[in-house]
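Thanks for coming. I have one structure to go through today, and I will keep it short.

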Amino acid sequence: MSSSISQRIATIRASLPASVRLIAVSKQVPTELMRQAYAAGIRDFGENRIQEAASKQAELQDLPDITWHFIGHLQSNKAKKALELFDWIHSVDNLHIAQRLDTLAQQLGVSPLVCLQVKVLPDANKSGWMIPELFNDLEALNQCKNLQIQGLMTIPPLDLDDGEVLNVFNHTHKLAQEITSQQWLNIKMVHLSMGMSGDYHLAVQAGATMVRLGTILFGNRS
């Protein structure tokens, strides 16, 4: 990519509604490039590995107003560390991990912002609730009072065409509306975390409030 990170960020920001939060996915991105993104106005960074994030946070501790988003598959044994390091966890993908986070959050005295990861279509390569499973678990999720459940996250299967991807995003939006209509006390559906470098324009069309962009900002990772 010949353009600078700041130019790419400016171009993408210009294409996004003001209501959409741009999360720079910085996995495998060196901190000097993250500093360039920060200088261009990025304050939200997404990481998918706990250890990598911990080391970057130590290097970037002079930038105190960063919001850190965990976007990878979260193993139960890493849950405590995730709560210590991240403001947001987008990838709460089953009831067991939600309940584990809830228990740990109470112990740590934190109240993390989380999204529930859903699969509109079957996908062996992705974690997350299938829709019937999610509806079955909503009552138990509503008991997770130390989590601030804010919405849904989804990643479409690979190899879909644009129309199919848009259908996935629209279906996720509709699912959030259905959950809202049930008026749960502790489950809010104010955010839709969906859309990555190749499909974020479709996600925005379908009502995304947060897009997770890596390659289009930083180039290809190794």
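This is a predicted model: local features need pLDDT of at least 70, side-chain atom pairs count only at pLDDT 80 or more; totals for chains, interfaces and linings use all residues.

Residues are numbered from 1 along each chain as its sequence is written, and side-chain values use heavy atoms, with hydrogens and water left out.

A word on naming: helices (H or I, at least four residues) and strands (E, at least two) are DSSP runs, numbered from the N terminus.

Let me begin with strand β4, residues 88-92. Of its 5 residues, 5 are buried, where buried means under 20% relative accessible area, exposed means over 50%, and partly exposed is in between, with a 1.4 Å probe and protein chains only. β4 pairs with strand β3, residues 67-70, in the parallel sense over 2 bridges; two strands pair if DSSP finds at least two bridges between them. Trp88 in β4 is the bridge partner of His69. Strand β5, residues 113-119, also pairs with β4 in the parallel sense, over 3 bridges. Here Trp88 stands opposite Leu113.

Now the connections. β3, helix α4 (residues 79-85) and β4 form a right-handed β-α-β unit. Right-handed means that, with the strands pointing away from the viewer, the path from the first strand over the helix to the second runs clockwise. β4, helix α5 (residues 95-108) and β5 form a right-handed β-α-β unit as well.

How far apart are the end C-alpha atoms of α5? They are 20 Å apart, which agrees with the 20 Å that its 14 residues should span at 1.5 Å a residue. The expected span is 1.5 Å times one less than the number of residues. At the N-terminal end, Asn94 caps α5, with a side-chain oxygen 3.0 Å from the backbone nitrogen of His96. Just after the helix, Gly109 has a positive phi of about 70°. The buried residues of α5 are Leu95, Ile97, Ala98, Leu101, Asp102, Leu104 and Ala105. Their cover includes α4, β4, β6 (129-130) and α6 (131-141).

On to the cores. A nonpolar core is a set of buried Ala, Val, Leu, Ile, Met, Phe, Trp, Tyr and Cys residues joined through side-chain atoms within 4.5 Å. The largest has 68 residues, and Phe45, Leu134, Leu141 and Leu152 touch the most other members. Helix α7, residues 162-181, gives the largest share of this core, 7 residues. Apart from it lies another core, of 5 residues, including Trp88 and Met153. In soluble globular proteins, nonpolar side chains tend to be buried together.

Last, the single residues. Lys56 sits in helix α3, residues 50-59. Is Lys56 buried or exposed? Lys56 is buried, because its relative accessible area is 5%. Beyond four places in sequence, Lys56 touches several residues, among them Gln28, Glu47 and Trp68, contact meaning heavy atoms within 4.5 Å.

Gln28 lies in the loop between β1 (21-25) and α2 (31-39). Its phi is near 65°, a positive value in a residue other than glycine. Gln28 is partly exposed, with a relative accessible area of 41%.

Asp159 is in the loop between β7 (148-154) and α7. Its phi is also positive, near 70°. Asp159 is exposed, at 80% relative accessible area.

Definitions and conventions: A polar contact is a pair of N or O atoms within 3.5 Å; within protein, one must be able to donate a hydrogen and the other to accept it, and residues adjacent in sequence count only if both atoms are side-chain atoms.
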